[in-house]
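Please look over the structure below with its helices and charged pairs in mind. The briefing after it is arranged by topic.

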Amino acid sequence: MNFTENLNKITLRYQDISDKLNNVEKLGREEFVKLSKEYSDLEPIVAKVNDYLNASNAVKDLEVMLCDPEMKELAETELLHLKEQLPILERTVRLALLPKDKDDEKNAIVEIRAGTGGEEAALFAGVLFRMYQRYCERQGWKFEIMSYSDTGIGGVKEASASVSGKGVFAKLKFESGVHRVQRVPETESSGRIHTSAATVAVLPEAEEVDIQIEEKDLRIDVYRSSG
């Protein structure tokens with residue numbers, strides 16, 4: 001089954017679930033809950049699939065229009081734009097189809113540490129931290145700084161923040177790892193290019209767990225000084 005056939009199969013399944021939910025009186029409670037969850041999971045995926053399929057079909061229509069001398073110029077301009085968009089739309093769909101991590105809907109803790117590269121690495125870590133902060137703000141997420149150790153000239157030795165919102169960990173988890181940059185540092189007077197690094201760790205926020213300790217499990221020792 002090729003990519004397009006697989007997408008069509010997904011849209012058909014989505015429509016089938018929609019039809020069944022419209023006849024809710026014929027569904028049992030368990031089946032209704034199961035279908036409702038599947039429908040909710042498929043809804044954002046199908047929206048991306050439809051964007052891709054619509055663009056793909058538009059490309060085919062425009063290629064036919066190229067044969068018409070009166071429409072050729074208009075078709076060529078639109079075709080160029082759509083062919084640039086298709087790979088982006090396809091990538092978006094493929095990412096949406098990846099199996100979900102059980103932690104995807106959790107909030108996240110983002111930690112950034114300057115790596116090799118001295119003061120320039122700290123400056124790079126500071127740039128990364130501010131970049132993530134602005135990205136989170138644009139996503140409508142809550143970004144709370146937990147710790148921040150700066151170098152005094154805009155650099156960051158290490159910093160961490162709590163990010164909360166919808167689908168935070170799903171979008172940020174791929175940022176974990178070592179990030180490198182090659183550039184002429186602000187601290188470099190001779191114009192040499194330096195390689196600097198910073199590490200980024202994105203962790204799902206831990207869930208609160210109630211722990212009950214029974215008295216029989218406690219051992220209490222009492223010590224008194226001889227003086």
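Predicted model: local features only at pLDDT ≥ 70, side-chain atom pairs only at ≥ 80, totals over all residues.

Residues are numbered from 1 along each chain as its sequence is written, and side-chain values use heavy atoms, with hydrogens and water left out.

**Helix H2**
- Helix H2 spans residues 29-65, and its 37 residues reach 51 Å from first to last C-alpha, close to the expected 54 Å (1.5 Å times one less than the number of residues); helices here are DSSP runs of H or I with at least four residues, and strands are runs of E with at least two, numbered from the N terminus.
- A kink of about 35° lies at Glu-43, shortly before the proline Pro-44, the bend being the angle between axes fitted to the seven residues ending there and the seven starting there.
- Among the buried residues of H2 are Leu-35, Leu-42, Val-49 and Leu-62, where buried means under 20% relative accessible area, exposed over 50% and partly exposed in between, with a 1.4 Å probe and protein chains only.
- The cover over the buried residues of H2 includes helix H1 (3-21) and helix H3 (72-96), contact meaning heavy atoms within 4.5 Å.

**Salt bridges**
- The whole structure holds 13 salt bridges, each defined as a side-chain nitrogen of Lys or Arg within 4 Å of a carboxyl oxygen of Asp or Glu.
- Asp-41 pairs with Lys-37 in a salt bridge whose closest N and O atoms are 3.0 Å apart, and because these residues are four apart in helix H2, about one helical turn separates them.
- Glu-63 and Lys-83 form a salt bridge at 3.8 Å, N to O; Glu-63 lies in helix H2 and Lys-83 in helix H3, so the pair ties together parts that are 20 residues apart in sequence.
- Lys-106 forms a salt bridge with Asp-103, and Asp-103 is buried, with a relative accessible area of 11%.

- Asp-104, in the loop between H3 and strand S1 (108-114), is buried at 8% relative accessible area and touches Gly-167, Val-168, Phe-169, Ala-170 and Lys-173, not counting residues up to four places away in sequence.
- Helix H4 (residues 118-138) has 21 residues and reaches 31 Å from its first C-alpha to its last, close to the expected 30 Å.
- The buried residues of H4, including Leu-123, Phe-129 and Cys-136, pack against elements that include S1, strand S2 (142-150) and helix H5 (168-172).
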